[in-house]
Amino acid sequence: MELKEFIENFVALFDETDASEIQANTAFKELDEWSSLIALGVIAMADEEYDVTLKGDDIRNSNTVEDLFNLIKSKK
Amino acid sequence: MNYNPFSLAGKMVFVTGASSGIGRQTAIECSKLGAKVIITARNEERLQETYNNLQGDGHSMVLADLTTSEGLDNIVSVVSELDGIVLCAGRAMTSPFQFNTREKYDDVFNVNFFSPVELLRLLVKKKKIAKGGSVVFVSSVGGVLGFTLGNSIYGASKAAINSTMKFCARELAPKKIRVNSVNPGMVNTPLIKGGTISAEQHQADMERYPLKRYGEPEDIAHGIVYLLSDASSWVTGHSLVIDGGITI
Ligand SMILES: NC(=O)c1ccc[n+]([C@@H]2O[C@H](COP(=O)([O-])OP(=O)(O)OC[C@H]3O[C@@H](n4cnc5c(N)ncnc54)[C@H](OP(=O)(O)O)[C@@H]3O)[C@@H](O)[C@H]2O)c1
């Protein structure tokens with residue numbers, strides 16, 4: 001599992017946010033477009049792409065995109 | 001004073017999804033109101049726990065996976081003369097639309113839609129339902145009156161149940177069988193815990209309810225009891241919304 005590829009999958013959940021605004025160290029919940037629906041999208045993407053089940057609390061406890069990446073990697 | 005129009009004394013009531021949550025509480029309430037109860041689910045330990053909490057005697061339990069034809073056949077072979085049928089087994093799914101593959105739809109529809117519908121069909125065809133019998137589908141406000149983000153598969157399965165409920169109400173009326181649904185809002189059961197929605201989000205969601213809380217399994221069981229009892233003899237094709245006012 002690659003960080004670069006994960007970021008691409010993460011970016012694909014957004015429509016209004018430019019890819020350049022989303023980096024490994026981006027605090028994703030501070031993005032203007034972040035929403036509860038995108039949070040559900042992160043959970044569904046982790047399941048579809050990595051076969052990892054995330055919970056609502058996992059999203060709540062993560063700050064940066066890399067935090068999410070590491071969490072998913074640790075659950076694989 | 002013994003007057004109680006909601007009594008289930010002398011009735012045989014069959015409950016699916018009885019190993020947990022709403023189904024478990026419904027089975028227990030029915031037994032307290034005098035019914036003999038037949039309960040079913042897959043998990044033996046949890047189903048046994050429900051069984052141990054039933055009041056009175058003459059109850060029985062059947063282990064079955066409702067998504068398999070063996071499970072359904074097994075149930076149909078052991079029940080007879082049912083006065084009440086509560087189709088409660090179900091599962092949740094939260095997933096945004098663009099991730100909703102056919103596989104996810106199948107997983108949810110198999111449990112929430114096809115299994116109760118096929119079970120009811122077999123019970124009707126094999127004449128296992130007594131005259132004056134009452135069928136209660138446990139549907140939801142989701143997909144029928146409320147459209148929460150990420151809930152489209154689950155909601156569609158419940159909307160399909162509500163539609164089927166009304167067709168059955170008309171088609172089974174000549175047999176004097178009544179068919180209704182209860183449509184709960186969010187209820188505190190394992191179904192809503194530890195999933196995609198965090199406890200914090202649930203707390204915020206609860207505040208949106210006019211009655212400022214989620215339902216308890218008893219709140220739904222009591223509505224089901226009404227639909228099973230003779231108090232609702234003239235009620236068929238009805239969706240009883242029990243939701244703390246969230247869909248007002
Ligand atoms: N809780 C809510 O907020 C809420 C709101 C509206 C509607 N509802 C509906 O209420 C019903 C009951 O939900 P609940 O909250 O009580 O959920 P729950 O506590 O998770 O109970 C679900 C029940 O369904 C049974 N079940 C699931 N898959 C099955 C299968 N393949 N074969 C046989 N049994 C199966 C489970 O038994 P085993 O695992 O032992 O098989 C369990 O007894 C569901 O139809 C749900 O959609 C719930």
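Start by selecting B:Leu66, where a backbone N or O atom lies 3.0 Å from a nitrogen atom of the ligand. That is a polar contact, meaning a pair of N or O atoms within 3.5 Å. This is a predicted model, in which local features need pLDDT of at least 70 and side-chain atom pairs pLDDT 80 or more, while totals for chains, interfaces and linings use all residues. Residues are numbered from 1 along each chain as its sequence is written, chains are lettered from A and ligands numbered from 1 in the order written, and side-chain values use heavy atoms, without hydrogens and water.

Next, pick B:Cys88: one of its backbone N or O atoms is 2.9 Å from an oxygen atom of the ligand. At B:Thr189, a polar side-chain atom sits 2.5 Å from a ligand oxygen atom. The ligand taken alone exposes 890 Å², and the protein buries 93% of that (Shrake-Rupley method, 1.4 Å probe).

Now show the 31 residues around the ligand, each with a heavy atom within 4 Å of it. B:Ser19, B:Ser20, B:Arg42, B:Tyr154 and B:Thr189 come nearest. In chain B, helix H1 (21-32) and helix H5 (152-172) each supply at least two residues of this shell; helices are DSSP runs (H or I) of at least four residues, numbered from the N terminus.

Move on to chain A and select A:Phe6 and A:Phe69, an aromatic pair with 5.9 Å centre to centre and 50° between the planes. Ring centres within 6.5 Å make a pair, and planes under 30 degrees apart are stacked, over 60 edge-to-face and the rest tilted. A:Phe6 lies in helix H1 (residues 3-11) of chain A and A:Phe69 in helix H4 (residues 65-75) of chain A, so the pair ties together parts 63 residues apart in sequence.

Terms used
A polar contact is a pair of N or O atoms within 3.5 Å; within protein, one must be able to donate a hydrogen and the other to accept it, and residues adjacent in sequence count only if both atoms are side-chain atoms. Rings of Phe, Tyr and Trp (its six-membered ring) pair if their centres lie within 6.5 Å; planes under 30 degrees apart count as stacked, over 60 as edge-to-face and the rest as tilted.
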